[in-house]
Amino acid sequence: MNRSLALLAALAASFVAVPAAMAANPLKPEKFVFDPARGYILVRVGPVGDSGNADPVYFVRMDPAHPGQTLWSFGMRPINSKKESDAAMVWGGDNFGNDGKTSLYLVPVNPGEWVIGGAGGTSMSLGSYGFTVKPGEITYVGTILTGRENGKSDIPEIKAATLSQDLVEFGTLMNIVMSDAILVTPSAAGDPIPEAIASHGVTHASLIPGVRFNNFLAAMINRAIGLEELEHQLPAVVDSQGAAEAPEAPSTPSGY
Amino acid sequence: MRSLSYARVAAAALALVIVAPAFAADPPADKEAGNEETGGDDPAKFFLFHLDGVGFETAKADYSYCIDQSKGILSLRDKMPSGGGLLGALINGRMAQIDRFRMRNAAMRKCMGLLGYARYHYPQDEWKILVKEGDIVVDNHNKVDPEVVDRLARYASGPTPTTKRLEP
């Protein structure tokens, strides 16, 4: 049931009325031809079902001209369009194998500052991890585990992030108020990587914790597990004419 | 005879439009049994946030941030195409409206909860006046009302409520 909902959310995230243009999808191993002009996101995602398919995790590139804003948001061309290289939906069977718990995905994208944007039907806009993707580099983000906040996850940290009972029990056919959680473990030097990828060199991402951004999925919102507490917002500054200026978000690192 | 049939179809269609939302997102009634501690009010709908020791300006900034994160939420019904022609679109539109309201409320609970705010029951009649018949995120024209945000922040930074404290 959870998997069906996640897939439905993924379908909704990818669907827009605008005719499909193109997107960043995970590569099939047999289709991988290294392009030095592009950047690549390498990530393990789980838990996986019996087929080895993971539920969707979203990545999105930040707009360098507008701090805190993503370059892609819902309503633009589909996130899984082949022309969309500023956002990516990582899921399904196009992967480089699984270890029984997670599957390894490789996605070609535009270089820049990226964030782990969300999972299932939830935007991690209240706080996630940022990282840099450079041209000609394969950036290994690490492992992202996902699950709904209904107390049923096999992952202890996600199971502990259970919503209040009325939200867990909401709805009959579908729970529209249920948010998803993500648990991120940075990549490590000893992680096994297939030779077809490793031969091009792999850069371990320096994850920047606590990056916040707009609710680009127009979906439920959450904050990645394990981050520091969400900081209060700074009050608006009122100038001598009485006009209020919006303060900057306090925990958004430079470049995001 | 034919006009009578059309009238019946139209009446049935109208009934569907009116009745269907009740099944849409399984919304509890405003007043229902089991909510005695909140005077029968649905605690998922009639609530406000409060944080001991927070200042008005900070509460206002926190509310503004969470409202900004929540106001654009769309339901799956908004994102997926609907069938059933005009009638289907009418029903779907009404159901989506209820979905969005519920999702916005849940998102505000997540956001304000992460900022440390507690959630308290607020009596339905007073709540409707306070939010001007809208909700804690947007008014009936889908706009954020600055006056309502001020009221919400005033309550959040005021004395500790004496009404029932609810789950986050």
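Predicted model: local features only at pLDDT ≥ 70, side-chain atom pairs only at ≥ 80, totals over all residues.
**Around Pro43(B)**

- Pro43(B) sits in a loop of chain B, the one between α2 (21–24) and β1 (47–50).
- Is Pro43(B) buried or exposed? Pro43(B) counts as buried, because 20 C-beta neighbours lie inside 10 Å, and 20 or more is what the buried class asks for.
- Between Pro43(B) and Leu152(B) there are 109 residues in sequence, while their C-alpha atoms are 17 Å apart in space.

**Helix α3(B) against α7(B)**

- Leu152(B) leads us to the next topic, as this residue of α7(B) is one of those that meet α3(B).
- Helix α3 of chain B covers residues 56–70 and helix α7 of chain B covers residues 146–156; the two pack at an angle of about 125°, and their axes are 8 Å apart.
- That angle makes α3(B) oblique to α7(B), and the crossing in which α3(B) passes α7(B) is right-handed.
- On the α3(B) side, the residues that take part are Phe56(B), Ala59(B), Lys60(B), Tyr63(B), Ser64(B) and Ile67(B).
- They meet Val149(B), Asp150(B), Leu152(B), Ala153(B), Arg154(B) and Ala156(B) in α7(B).
- Sorted by class, this contact of α3(B) with α7(B) holds 8 nonpolar, 1 polar and 3 charged residues.

**Helix α3(B) against α5(B)**

- α3(B) also packs with α5(B), here at an angle of about 140° and with the axes 9 Å apart.
- What does that angle make of the pair α3(B) and α5(B)? The two helices are therefore oblique to each other, since only angles over 145 degrees count as roughly antiparallel.
- The handedness of the crossing between α3(B) and α5(B) is right-handed.
- From α3(B) come Asp62(B), Cys66(B), Gln69(B) and Ser70(B), which meet Arg104(B), Ala107(B), Met108(B), Cys111(B) and Met112(B) in α5(B).
- By class, the contact of α3(B) with α5(B) has 5 nonpolar, 2 polar and 2 charged residues.

**A length check on α5(B)**

- Helix α5 of chain B runs over residues 85–114, and at 1.5 Å a residue its 30 residues should span 44 Å.
- Just after α5(B) comes Gly116(B), whose phi is positive, at about 100°.

**Where chain A touches chain B**

- In total, 29 residues of chain A are in contact with 29 residues of chain B.
- On the side of chain A that touches chain B, the elements giving two or more residues are α1 (2–14), α3 (165–168) and β12 (220–221) of chain A.
- Which of them gives the most? That is α3(A), with 3 residues.
- The residues on this side of chain A divide into 17 nonpolar, 10 polar and 2 charged.

**His232(A), a residue to look at**

- His232(A) is found in the loop between β12 and β13 (237–238) of chain A.
- With 17 other C-beta atoms within 10 Å, His232(A) is partly exposed.
- Leaving aside neighbours within four places in sequence, His232(A) is in contact with Thr58(B), Asp62(B) and Leu115(B).
- Asp62(B) is also one of the residues in α3(B) that meet α5(B).
- His232(A) and Thr203(A) are 29 residues apart in sequence, and their C-alpha atoms are 34 Å apart in space.

Key
Residues numbered from 1 in each chain as written. Chains lettered and ligands numbered in written order. Contact = placed C-beta atoms within 7 Å. Helix = DSSP H or I, 4+ residues; strand = E, 2+ residues; numbered from the N terminus. Nonpolar A, V, L, I, M, F, W, Y, C, P; charged D, E, K, R; others polar. Axes fitted to C-alpha atoms, helices over the stretch in contact; angles between N-to-C directions. Parallel < 35°, antiparallel > 145°, perpendicular 65-115°, else oblique. Left-handed = near helix turned anticlockwise from the far one by under 90°. Buried ≥ 20, exposed ≤ 12 C-beta atoms within 10 Å, placed from the backbone. Expected span 1.5 Å × (residues − 1).
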